[in-house]
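Have a look at the sequence and the structure on the slide, and then I'll walk you through a few parts of it.

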Amino acid sequence: MAELKNCLLPDELMYHVDFNIWIKKNDDGTLDLGMTDIAQTMAGNIIHCHPKKVGKNVIKGKSIATVESGKWVGPVKTPFAGEIIAANSDVESDASILNKSPYKQGWIVRIQPNNYNEDSGELVRGDDAISGFDAYMEEKEIAECIHCEGFEG
């Protein structure tokens, strides 16, 4: 697992640096999406997460959920067009999961992408993720992440 300024970036995941999200490709071609450790740190204590409804068609670059903390309300954007086939009811009922376990329990939605190969070009992992997020954290003046649980499987 990669670590950058106390922020965890599991090697098993792909990342979209500009949207500050992680993506896990499942065996059936669906994608799980969630906020990175960096995103949950920037948001602070998250108090609400409202994923879009199952069956909703989403557009690349648009919101899959709205997240609210004591200091921020904003969208979680997707780098994929597709249909939401599952929403994590656990984060909807207890949004603090996004702070405590952004990678294990904190997935937000599962999407069936319309065109994975076409839309996946902006995703990074490994050293590309580290350098992209390092520049992002410098720009946003984030010294380090607060503690969250790591990622297992």
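So, start with the open sheet: six strands, in the order β3-β4-β5-β11-β10-β7, with antiparallel pairing. Since β3 (14–16) and β7 (57–58) stand at the edges with a single partner strand each, one side of each is left without a neighbour in the sheet.

Quick housekeeping before I go on. This is a predicted model, where local features need pLDDT of at least 70, side-chain atom pairs count only at pLDDT 80 or more, and totals for chains, interfaces and linings use all residues. Residues are numbered from 1 along each chain as its sequence is written, and side-chain values use heavy atoms, with hydrogens and water left out.

Helices (H or I, at least four residues) and strands (E, at least two) are DSSP runs, numbered from the N terminus. Two strands pair if DSSP finds at least two bridges between them. In general, strands of a sheet pair through backbone hydrogen bonds, either parallel or antiparallel.

Three bridges join β3 to strand β4 (residues 21–25), and the two run antiparallel. His16 has Ile21 in β4 as its bridge partner.

Next up is β8, residues 63–69. How many of its seven residues are buried? Five, so to speak: the strand is mostly covered. Buried means under 20% relative accessible area, exposed means over 50%, and partly exposed is in between (1.4 Å probe, protein chains only).β8 pairs with strand β6 (residues 46–51) in the antiparallel sense over five bridges, and Ile46 stands opposite Ser69. β8 also pairs with strand β9 (residues 73–77), again antiparallel and over five bridges, with Ser63 opposite Lys77. A hairpin of three residues joins β8 to β9.

Ser69 is buried, at a relative accessible area of 4%. Ser69 touches Ala43, Gly44, Asn45, Ile46 and Ile47, leaving aside residues up to four places away in sequence; contact here means heavy atoms within 4.5 Å.

Last stop, the largest pocket, with a volume of about 260 Å³. Of the 13 residues lining it, Phe19, Asn20, Trp72, Pro75 and Tyr136 are the closest to its centre. α1 (37–43) and β9 are the elements that give two or more residues to the lining. A pocket, on a 1 Å grid over the protein atoms alone, is an open set of points where a 1.4 Å probe fits, with protein on both sides within 12 Å along at least five of seven lines, and lining residues have an atom within 4 Å of a point. The volume is the space filled by probe spheres set on the points, which are joined across faces, edges and corners.

That's my tour, thanks!
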